[in-house]
Structure formats: structure tokens, C-alpha cells
Amino acid sequence: RGIHTYAAHLKGEKNYDGFDYTQPTAFIIGNEGKGLTDEAANAAETYVLIPMKGEVESMNAATSSAILTFEASRQRRG
């Protein structure tokens, strides 16, 4: 349908700001406790990484969503 799907995932090989979100985009975000299910992660075409400092491996789902949607909005504003 022309929508590229990205999953916020620890297995992402490239940081979230290294992708082009100017085309139709969907983000898949897991919950804070368990992250994404395998089924949801496998539905994504691309894994993106949101880098974090220290030993932290995950962040609040709302925060992850805000970071990704802000980047998409920033790119679309030109």
C-alpha cells in the first residue's frame, strides 16, 4: 500500500534519524515492559534504533513515539 513500516527495536543497525520519513510511514512501538512481540517486529520492513546512554535498553513507549514522529514531522517541513 506504499507505507514503509519501521519498528523501534534494539536490533536496529542504524539510528532513527538516518532514514527518510518523507514518504508514507508507520512506526511500530512496543510497550515498556516487554517490547515488541516477534509477530509485530516481523511485520516491520526496517528496524530503527533510538540510541540511549548508559545501561538502559528501553524507554517509555510514548517517548519513543514522540521521538520518531517528531523526526518524521521535522523532515516533512523541509
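## The aromatic cluster

Ring pairs link Y6, F19, Y21 and F27 into a cluster, where rings of Phe, Tyr and Trp (its six-membered ring) count as a pair if their centres lie within 6.5 Å, with planes under 30 degrees apart called stacked, over 60 edge-to-face and the rest tilted. The model is a predicted one, in which local features need pLDDT of at least 70 and side-chain atom pairs count only at pLDDT 80 or more, while totals for chains, interfaces and linings use all residues. Residues are numbered from 1 along each chain as its sequence is written, and side-chain values use heavy atoms, with hydrogens and water left out.

The structure holds five aromatic pairs. One of them joins Y6 and F19 in an edge-to-face arrangement, with 5.5 Å from centre to centre and 65° between the planes. This pair links distant parts of the chain, since Y6 belongs to strand 1 (residues 4-8) and F19 to the loop between strand 1 and strand 2 (25-28), 13 residues apart; helices (H or I, at least four residues) and strands (E, at least two) are DSSP runs numbered from the N terminus. Y6 counts as buried because its relative accessibility is 5%, and F19 counts as buried at 16%, where buried means under 20% relative accessible area, exposed over 50% and partly exposed in between (1.4 Å probe, protein chains only).

Y6 also pairs with Y21: the ring centres are 5.0 Å apart and the planes stand at 85°, so this pair is edge-to-face. Because Y6 lies in strand 1 and Y21 in the loop between strand 1 and strand 2, the pair ties together parts that are 15 residues apart in sequence. Both Y6 and Y21 are buried.

Three strands form an open sheet in the order 2-1-3, with parallel pairing, and two strands pair if DSSP finds at least two bridges between them. The edge strands, each pairing on one side only, are strand 2 and strand 3 (46-48). Strand 1 and strand 2 pair in the parallel sense over four bridges, and the bridge partner of H4 is T25 in strand 2.

Helix 2 packs on the sheet and touches strand 1, strand 2 and strand 3, while its direction makes about 165° with that of strand 2; axes are lines fitted to C-alpha atoms, for helices over the stretch in contact, and angles run from 0 to 180 degrees between N-to-C directions. S64 is found in helix 2 (residues 61-77) and, at 8% relative accessibility, counts as buried. Leaving aside residues up to four places away in sequence, S64 touches I29, I50 and M59, contact meaning heavy atoms within 4.5 Å.

## Helix 1

N42 is found in helix 1 (residues 38-43) and is exposed, with a relative accessible area of 59%. N42 and A7 are 35 residues apart in sequence and 8.8 Å apart in space, C-alpha to C-alpha.

## The chain as a whole

From the N terminus on, the elements run β-β-α-β-α, and buried residues make up 29% of the 78 residues.
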